[in-house]
Amino acid sequence: MALLLRELGYPQGTDQQTVHWVVSHPEIEIFVAGDPQDRPVGMISFSHRPQLRLRGRVATVDELVVTETWRRRGVGRALIKQILERCKVLSVKQLQLVSPMASTPETRSFYAACGFSEIDSGVFRHLETEEGRR
Ligand SMILES: CC(C)(COP(=O)(O)OP(=O)(O)OC[C@H]1O[C@@H](n2cnc3c(N)ncnc32)[C@H](O)[C@@H]1OP(=O)(O)O)[C@@H](O)C(=O)NCCC(=O)NCCS
């Protein structure tokens, strides 16, 4: 997972405490794609919660990455499909994806191929919560 997070652009990866926290959280799910030898080649994490104005559950793709040598082989699409199946089971009313990296034409093509459309809504971060990450 640390290696995959590095490929996503987070050289520090994660730490064991956060992995335990995430894995044991009832409203966060992680799916890992493996190669024929069961080595991880991609992962997706998503979280979901009830939202008043939607009168139901909203879900967010938090992290999605496929290791470079396995890209363009359908792994990313399969991971999104897995999430869509979970969304059905959980009666999710809206699935969102906020790209943590600057969107490139390639990632935009991927999102579109997987059924996402870009909406005109700004995402803002409060600078005080960014302490230590700048
Ligand atoms: C974005 C990413 C997850 C896509 O995963 P992937 O396994 O390579 O994607 P898939 O093979 O399932 O592609 C599905 C479709 O998306 C589109 N697509 C994917 N990569 C593309 C690229 N580089 N250029 C153009 N279209 C692309 C294509 O339509 C593709 O279907 P096709 O191969 O039949 O033409 C992967 O490139 C990645 O990990 N990138 C770095 C991290 C990142 O940007 N993560 C997303 C931020 S949340």
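These questions and answers cover the ligand site and one glycine of a predicted model. Local features need pLDDT of at least 70 and side-chain atom pairs count only at pLDDT 80 or more, while totals for chains, interfaces and linings use all residues. Residues are numbered from 1 along each chain as its sequence is written, and side-chain values use heavy atoms, with hydrogens and water left out.

Reader: How many residues surround the ligand?
Author: A residue is near a molecule if one of its heavy atoms lies within 4 Å of it. The closest are Val-66, Arg-72, Gly-74, Gly-76 and Arg-77.

Reader: Which element supplies the largest share of the shell around the ligand?
Author: Helices (H or I, at least four residues) and strands (E, at least two) are DSSP runs, numbered from the N terminus. Strand S3 (56-66), helix H3 (75-89) and helix H4 (105-113) each give at least two shell residues. The largest share is 6 residues, and it comes from H4.

Reader: How far is an oxygen atom of the ligand from a polar backbone atom of Arg-72?
Author: A polar contact is a pair of N or O atoms within 3.5 Å. A backbone N or O atom of Arg-73 lies 3.2 Å from a ligand oxygen. For Val-66, the distance from a polar backbone atom to a ligand oxygen is 2.8 Å. For Arg-72, the distance is 2.8 Å.

Reader: Is Gly-122 buried or exposed?
Author: Gly-122 lies in the segment after H4. Buried means under 20% relative accessible area, exposed over 50%, partly exposed in between (1.4 Å probe, protein chains only). Gly-122 has 56% relative accessibility, so it counts as exposed.

Conventions:
A polar contact is a pair of N or O atoms within 3.5 Å; within protein, one must be able to donate a hydrogen and the other to accept it, and residues adjacent in sequence count only if both atoms are side-chain atoms.
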